[in-house]
Amino acid sequence: MALLTLQNISMAFGGPLLLDGACLQLERNERVCLLGRNGEGKSTLLRIISGEIAPLGGEISRQKELKIGLLMQQVASGVPGTVAEIVEQGLGPEGEDWERSQWVEKVISQVGLEPELVFDTLSGGQKRRALLARALVREPDLLILDEPTNHLDIASIQWLENFLLRWQGSVLFVTHDRVFLRKLATRVVELDRGQLTSWACTYDQYVERKQALLEAQEVQWAVFDKKMAVEETWLRKGVKARRARNEGRVTALENMRAERRARRELAGTVTMQAQIAERTGRKVITTKELSYAWGDDPLVRDFTTTIMRGDKIGLMGPNGCGKTTLLHLLLGRLAPQSGTVEHGTKLEIAYFDQHRAQLNEALTVAQNIVGDNDTLTINGHRRHIISYLEDFLFPPERTRTPVKALSGGERNRLLLARLFARPANVLVLDEPTNDLDMETLDLLEDLLVEFDGTLLLVSHDRAFLNEVVTSTLVFEGEGRITEYVGGYDDWLRQRPAPATAPKETAAQREKEPEQPRPRKLSFKEQKELDALPARITKLEQDLETLQKQMGEPSYFRSAPDVLKADHERLEQIPGELEKLYDRWEELEEHKG
């Protein structure tokens, strides 16, 4: 039996229907990724599924006593209480005091926090862990996550990936992180123009099949529109159309008109074009022995580099390590405590601020670009601000909206509109991918790859880094920054192995008690360990083959017993893989 079923769900907030007869079924042990453009209604759908809000129409069937955990996109600030108190809120009135205490301690331990920490003093990533613990404390059957990787550093994202891969339960999540999506999703569900479509395949297969579907739809609509135009021409001829024998044809045309009016066109895509300023000198920024510390905490130490024209450099490191501080040092916004920063000639710098401090909350969308003017110059041509903002998917009426009323995705699009509103030859982007949908992310990626100037990019989006940057500056602790050629995957291949501990001297061995030696593997265990990689590979291939088969359009014409057996096997394989990985880890610990 399905955990939850939606039938013909409709929802709107005073405008067009966000959900228009949407249907969905969620099964046990699924990890479903919900995709859709910004503003399509993904967060609204998650709130409906969780029971937080009720739809305007349709039916929701939930398995009896279904428990749902919810982690929404926004992390509130100014929330009082300790981690334990925040997590306990997820229990509601459930359980006796001693049970509640045990449940809270268990889940806080799982997410790697301390219960007595004050919630509002935590970093963004730690707050997300605490809120995840609150969602998990009732041991939900279904966990709902809305953009869980936003503002997390790479280490925290990887921790979340591993946690969810091992978690026993179903997950419904929204994300723009393509690596996260590829690792976790067992199915993709798309929200497009009010409708939900399930794609039983990988994300990359979904992209290919979706494109083919859109191309087929365009052809179908073109044929329909041509036929309708012919019928309209016939009707305008007049007398013949009003004869009784042609009434059926007139009725058919009226039906075609109604069908055409009901058609929901695909929303437009963002149009981004960077304005290239005059070329900089060959050397853009040069640093020598650059250092900066916050109190006793060194953020940048003895950093020397030369950034050349055309370099596209990514900055990587955990939250709070000093990436934004380094940007401010390089741009001359912050004076170094020691060392020097020299700028080359003809630098025109455009800066994207992850905290969106460049936006004036009280001003309108248009005023944040042009002030009280109506036009701006783009690549030598005057454009009206309304026309320019339409390129970034702001309809005319939205341009008069105060920034404080915008969603996260709209604010990021507005920042991009500001960024590209004037010529630049150096782009500095601090976490530009948060809250962007997949299509806008792809467009930004393509633009930056083709950008003819110099780029400094802070991002935790691994796929974005791989596609865009030519080298990376990695913060490796205690202010040390090392440069590597290529993007994230290239850094993984080049980074040094963890340092081995120095050998003990005889005197040290005499002073310290001898530690028990680890147990060696038996012959049988070593044989089992040797066979595990092949067993894991075989299971993963079986899973991939099964997912491909189930993604074929003709698959659902198979016999019912075949469909049932395949579905059961699809549920079994992830559990078997997890057991094999656990066993592999256990045996590796004792390997001599």
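The exercises below, each with a worked solution, concern a predicted model of one protein chain.

Local features need pLDDT of at least 70, side-chain atom pairs count only at pLDDT 80 or more, and totals for chains, interfaces and linings use all residues. Residues are numbered from 1 along each chain as its sequence is written, and side-chain values use heavy atoms, with hydrogens and water left out.

**Exercise 1. The chain as a whole**

Find how many helices and strands the protein chain has, and what percentage of its residues is buried.

Solution. Start with the definition: helices (H or I, at least four residues) and strands (E, at least two) are DSSP runs, numbered from the N terminus. The protein chain has 18 helices and 20 strands. Next, take burial, where buried means under 20% relative accessible area, exposed over 50%, and partly exposed in between (1.4 Å probe, protein chains only). Of the 592 residues in the protein chain, 45% are buried. Last, consider contacts, meaning heavy atoms within 4.5 Å. Of those between residues at least 6 apart in sequence, 68% join residues at least 24 apart.

**Exercise 2. Cysteines**

State how many disulfides the whole structure holds, then decide whether Cys 23 is buried, partly exposed or exposed, and do likewise for Cys 33.

Solution. A disulfide is a pair of cysteine sulfur atoms within 2.5 Å. The search of the whole structure gives zero disulfides. Cys 23 has 38% relative accessibility, so Cys 23 is partly exposed. Cys 33 has 0%, so Cys 33 is buried.

**Exercise 3. Helices α4 and α5**

Describe how α4 and α5 are placed relative to each other, and list the residues that make the contact.

Solution. Two packed helices are described by the angle between their axes and the distance between the axes. Axes are lines fitted to C-alpha atoms, for helices over the stretch in contact, and angles run from 0 to 180 degrees between N-to-C directions. The axes of α4 (residues 124–136) and α5 (residues 154–166) come within 12 Å and cross at roughly 15 degrees. The two helices are therefore roughly parallel, a label for angles under 35 degrees. On the α4 side the contact is made by Arg 129, Leu 132 and Leu 136, and on the α5 side by Ser 156, Trp 159, Leu 160 and Phe 163.

**Exercise 4. Val 341**

Locate Val 341 and name its contacts beyond its neighbours within four places in sequence.

Solution. Val 341 belongs to strand β13 (residues 338–343). With a relative accessible area of 25%, Val 341 is partly exposed. Leaving aside neighbours within four places in sequence, Val 341 is in contact with Ile 285, Thr 286, Thr 287, Leu 290, Leu 329 and Leu 330. Thr 304 is 37 residues from Val 341 along the chain, and their C-alpha atoms are separated by 9.3 Å.

**Exercise 5. Positive phi**

Give the phi values of Glu 289 and Lys 346, and place each residue.

Solution. Most residues other than glycine have a negative phi. Glu 289 has a positive phi near 50 degrees; this residue lies in strand β10 (residues 283–294) and is partly exposed at 45%. Lys 346 has a positive phi of about 60 degrees; this residue is in the loop between β13 and β14 (349–352) and is partly exposed at 48%.

How values were computed:
Angles under 35 degrees count as roughly parallel, over 145 as roughly antiparallel, 65 to 115 as roughly perpendicular and the rest as oblique.
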